[in-house]
Amino acid sequence: MAVIGFLGLGNMGVPMVNNLYKNGHLVKVFDLLPAAIAKLERLPVTKSASAMDAVANVDFVISMLPSGAAVEDLYLGGSALLSHISPKTLVIDCSTISAESAKLVAAKAAEKKIAMIDAPVSGGIAGAEKGSLTFIVGGEQADMEKARPILMSMGQFVMHAGDHGAGQVAKICNNMLLAVHMIGSAEALQLGVDHGLDPKVLSNIMLRSSGKNWSLETYNPYPGVMPDVPAGKDYQGGFMSKLMDKDLNLAMDAALATESTTPMGALARSLYGLHCKDGNAELDFSSIQKRFKK
Ligand code: NAD
């Protein structure tokens with residue numbers, strides 16, 4: 001059993017806290033929004049009055065925030081939260097942010113002798129609820145091993161990507177590839193349908209051929225092909241297009257930083273940007289299928 005300060009009670013944070021509690025940990029929570037804290041009203045976790053209270057006397061601090069700006073503001077901003085964290089506490093940031101932000105905050109933490117790892121997740125809200133997230137870790141391997149039992153209370157896999165920031169790089173590489181095969185699957189399905197093929201039949205053929213991929217296999221974007229995926233529910237739930245757009249923007253920033261060539265990622269970013277502006281930001285990212293419909 002560990003004592004954990006958890007900051008950021010959004011779509012991901014709430015189910016993650018639930019799983020920490022179910023696994024016997026003592027959790028102290030805080031969010032800037034009282035309404036977010038109220039979502040945990042019935043769970044016997046400590047509702048802290050401030051981030052400073054939540055990080056006092058804990059073994060681990062976990063943050064799950066919307067952006068790099070939020071993470072930098074939390075740890076390095078006005079409240080100087082790092083000054084309130086004991087060097088005995090391990091800080092785990094699970095937010096998806098740029099590698100630069102992750103490295104900056106970890107370096108500032110190190111100046112105060114506080115160990116920190118970046119541990120962004122794959123698996124989305126469903127994975128957070130089921131406790132089946134994959135944590136993609138950047139930082140010292142020994143710190144990851146210390147965090148492993150806590151992360152395994154919320155997930156199934158804990159993988160080391162490299163030094164500080166590497167978890168973030170691996171996460172955006174994965175999501176850039178995910179966007180590309182989702183768009184590719186959607187356009188291939190529509191091409192088949194436009195030529196009179198049944199999308200179920202075409203999906204089965206491609207799943208036994210070289211076009212097989214995760215989007216097609218477990219998250220088919222064409223309505224009616226698969227039960228229990230967002231495409232079967234008007235693209236409600238799942239991983240919102242605006243979050244995919246955010247991750248693609250991070251991927252493009254990363255590509256610029258190293259002058260890497262990512263033409264498919266750039267196209268995916270443009271398509272998801274357009275898709276969001278056209279009113280689909282809150283729909284699951286497989287709703288990109290709609291752009292190809294005649
Ligand atoms: P969200 O917007 O639902 O929740 C973020 C929460 O953080 C909000 O309640 C907000 O009030 C709170 N917050 C912001 N600044 C804070 C601060 N300084 N102190 C305390 N609380 C603060 O976001 P989410 O969907 O839970 O996602 C969280 C992170 O996980 C993001 O970085 C996102 O990219 C990543 N992620 C999300 C998904 C998903 O499917 N939602 C999947 C994988 C990764």
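In the predicted model, a backbone N or O atom of Thr 96 is placed 3.0 Å from an oxygen atom of the ligand. A backbone N or O atom of Leu 65 also lies 2.8 Å from a ligand oxygen atom. Asp 31 takes part through its side chain, where an N or O atom is 2.6 Å from an oxygen atom of the ligand. Taken on its own, the ligand has 850 Å² of accessible area, and the protein covers 88% of this.

The shell around the ligand consists of 23 residues, of which Met 12, Asp 31, Leu 65, Thr 96 and Lys 246 come nearest. Two elements, α6 (124-130) and α11 (241-258), each give two or more residues to this shell. By class, the shell contains 14 nonpolar, six polar and three charged residues. Domain 1 (3-164) and domain 2 (169-292) each supply at least three residues of the shell.

Two or more lining residues come from each of α5, α8 (166-194) and α11. Helix α11 gives the largest share of this lining, with seven residues. The lining of the second largest pocket divides into 12 nonpolar, seven polar and three charged residues. The second largest pocket lies between domain 1 (3-164) and domain 2 (169-292), because both domains give residues to its lining.

About 40 Å³ of space lies in the largest cavity. The residues lining the largest cavity are Val 71, Asp 93, Ile 97, Ser 101, Ala 102, Val 105, Ala 106, Met 116, Ile 117, Asp 118 and His 164. Both α5 (99-111) and β6 (115-118) give two or more residues to this lining. The largest share, four residues, is from α5. Seven of the residues lining the largest cavity are nonpolar, two are polar and two are charged.

Notes: Residues are numbered from 1 along each chain as its sequence is written. This is a predicted model: local features need pLDDT of at least 70, side-chain atom pairs count only at pLDDT 80 or more; totals for chains, interfaces and linings use all residues. Side-chain values use heavy atoms; hydrogens and water are left out. A residue is near a molecule or strand if one of its heavy atoms lies within 4 Å of it. A polar contact is a pair of N or O atoms within 3.5 Å; within protein, one must be able to donate a hydrogen and the other to accept it, and residues adjacent in sequence count only if both atoms are side-chain atoms. Accessible areas come from the Shrake-Rupley method with a 1.4 Å probe; for residues, only the protein chains shown count as cover. Ala, Val, Leu, Ile, Met, Phe, Trp, Tyr, Cys and Pro count as nonpolar, Asp, Glu, Lys and Arg as charged, and the others, Gly among them, as polar. Domain bounds come from an automatic or database domain assignment. On a 1 Å grid over the protein atoms alone, a cavity is a set of points where a 1.4 Å probe fits but cannot get out, and a pocket is an open set with protein on both sides within 12 Å along at least five of seven lines; lining residues have an atom within 4 Å of a point. Grid points are joined across faces, edges and corners, and a volume is the space filled by probe spheres set on the points.
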